[in-house]
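Have the structure open while you read.

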Amino acid sequence: MIERSAGLGHPHLARPSFDAVEPDVTIDAVELRRVRLPLVAPFHTARGRQDAREAVLVHLLLAGGGDGWGECVAESEPRYSAEYTDGAETVLRQFLVPALLAWQRSHGGVTPDDVATALAPFAGHAMAKAALEMAVLDASLRVLGTSFAQRLGAVRDAIDSGVAVGLHASIADLLDTVGRHVDEGYRRVKLKIEPDADVEVVRAVRERFPDTMLQVDANGAYSLRDDHVAALRALDDFDLALVEQPLAPDDLTGHAALARQIRTPICLDESITSARTAELAVDLAACSIVNVKAGRVGGYLEAVRVHDACAARGVPVWCGGMLETGLGRAANIALAALPGFTLPGDISASARYFAEDLTEPFVLDDGRLAVPRGPGLGVSPTRSALRAFTTSVELVRDY
Ligand code: SMG
Ligand code: MG
């Protein structure tokens, strides 16, 4: 791993290999726990509206005590991606957890690096796989007394916090929401856009907030139609940090063509499903910035490889968000503390989405969030939140 530091020119990226020291853990049982947290306000995007965060949590119970938590970022409905909560729970119960337990039986234990190998026979389901790997990472790092941040190669103690603002019914309402977040101290604001809710919306926000770092996310709602390209080109006037995923996820050549027609840098989100697709997208000039989401690429270890591939190409990355509870938020903050994460991520304070989080809340400090430093995720669900938000629990074990 040390050779990667040469490409980055960053001494801190000389990340120690944990393979030698990370102990095998022995999983006694896997609890698949469904939670449902109401959102403080609905979140609208070009792909629909959400009123609550429904998630599958993967809770590993280790033989001899100890545990680990993973959060699956799949959403209730298959809109942002093909994965969705019920599907993720099914694939975990029926295929992924049994495969990991079978691996453990034949190898005498599991390490975080084993998870992707054990699950590789199954196609897709990146978010479900990521949740299981996250739980194994948490469990084994807790045993070691090492934090996620240290394991992933973090170089910062706090990260700049950005906030994503959904589509609003009126520009006046949107300006109120953005104003509130600017007052709260967020270091950049991302606006959701869609055809016909773009140029005027961004113009109004830019006029009211001339000094705020702004970017937009289209969730693939545009095409190369003339009127769509014209609207995206009109956004060049507003000094946006980037436009995220304007076109369909599989349209890399379309993004490359669009990049030649607009000045705002293109960032890809849905298109990037692995370090390999990140390399391809960058090498095709489909994007010049990458949004990294561990769930979308199959886990935090692959997310680090996306970071490394981008760093080697001089491409800035930032950490995306999936309305995570405190568990996923803790892991995202650790990831966003890596050196190549040079842009603020969609990692807000807990209060942006939840009146009560699953863990102790993450709170902004001068527009920043502190990187958890305790063993594993450094946070755990509180008993009261588990009681309040759990909707079902099932136990999977190797009989
Ligand atoms: O966690 O603050 C957050 C959400 C950020 O906008 C956000 N995420 O496309 O980047 C994205 C969306 C995906 C989830 S909503 C469809
Ligand atoms: Mg996005």
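This is a predicted model: local features need pLDDT of at least 70, side-chain atom pairs count only at pLDDT 80 or more; totals for chains, interfaces and linings use all residues.

Asp269 pairs up with Lys293 in a salt bridge, and the closest N and O atoms sit 2.8 Å apart. Asp269 is in the loop between strand S9 (266-268) and helix H10 (275-283), while Lys293 is in the loop between strand S10 (289-292) and helix H11 (294-297), so the bridge ties together parts that are 24 residues apart in sequence. What about the lysine, buried or exposed? Lys293 comes out at 7% relative accessibility, so it counts as buried.

**Other charged pairs**

Side chains of opposite charge can pair when their charged atoms come close. A search of the whole structure turns up 26 salt bridges.

| Salt bridge | Closest N and O atoms |
|---|---|
| Asp86 with Arg34 | 2.8 Å |
| Asp157 with Arg373 | 3.4 Å |
| Asp269 with Lys293 | 2.8 Å |

Take Asp86 and Arg34, which form a salt bridge. This pair links distant parts of the chain: Asp86 belongs to helix H2 (residues 85-107) and Arg34 to strand S1 (residues 27-45), 52 residues apart. Asp86 has 43% relative accessibility and therefore counts as partly exposed. Arg34, on the other hand, has 8% relative accessibility, so it counts as buried.

Next come Asp157 and Arg373, another salt-bridged pair. They also link distant parts of the chain, 216 residues apart: Asp157 is in the loop between helix H5 (148-152) and strand S4 (158-160), and Arg373 is in the loop between strand S12 (368-370) and helix H14 (383-389). Asp157 is exposed, with a relative accessible area of 59%, and Arg373 is partly exposed, with a relative accessible area of 42%.

Salt bridges can also share partners. Arg188, Lys190, Lys192, Asp217, Glu244 and Asp346 are joined that way into one network.

Strands of a sheet pair through backbone hydrogen bonds, either parallel or antiparallel. This one is an open sheet of four strands in the order S3-S2-S1-S13, and its pairing is antiparallel. Which strands stand at the edges? They are strand S3 (67-72) and strand S13 (390-396); each has a single partner strand, so one side of each is left without a neighbour in the sheet. From one strand to the next, the twist averages 20°.

Zoom in on the S3 end. Strand S2 (residues 48-62) and S3 run antiparallel and are joined by six bridges. Leu60 has Gly68 in S3 as its bridge partner, and Val56 stands opposite Cys72 in S3. The hairpin of S2 and S3 has four residues between the strands, and there Gly64 takes a positive phi near 80°.

Helix H4 (residues 126-144) lies across S2 and S3, at about 155° to S3. As for S3 itself, the strand is mostly covered, with five of its six residues buried.

Note on methods. Residues are numbered from 1 along each chain as its sequence is written. Chains are lettered from A and ligands numbered from 1 in the order in which they are written. Side-chain values use heavy atoms; hydrogens and water are left out. A salt bridge is a side-chain nitrogen of Lys or Arg within 4 Å of a carboxyl oxygen of Asp or Glu. Helices (H or I, at least four residues) and strands (E, at least two) are DSSP runs, numbered from the N terminus. Buried means under 20% relative accessible area, exposed over 50%, partly exposed in between (1.4 Å probe, protein chains only). Two strands pair if DSSP finds at least two bridges between them. Axes are lines fitted to C-alpha atoms, for helices over the stretch in contact, and angles run from 0 to 180 degrees between N-to-C directions. Contact means heavy atoms within 4.5 Å.
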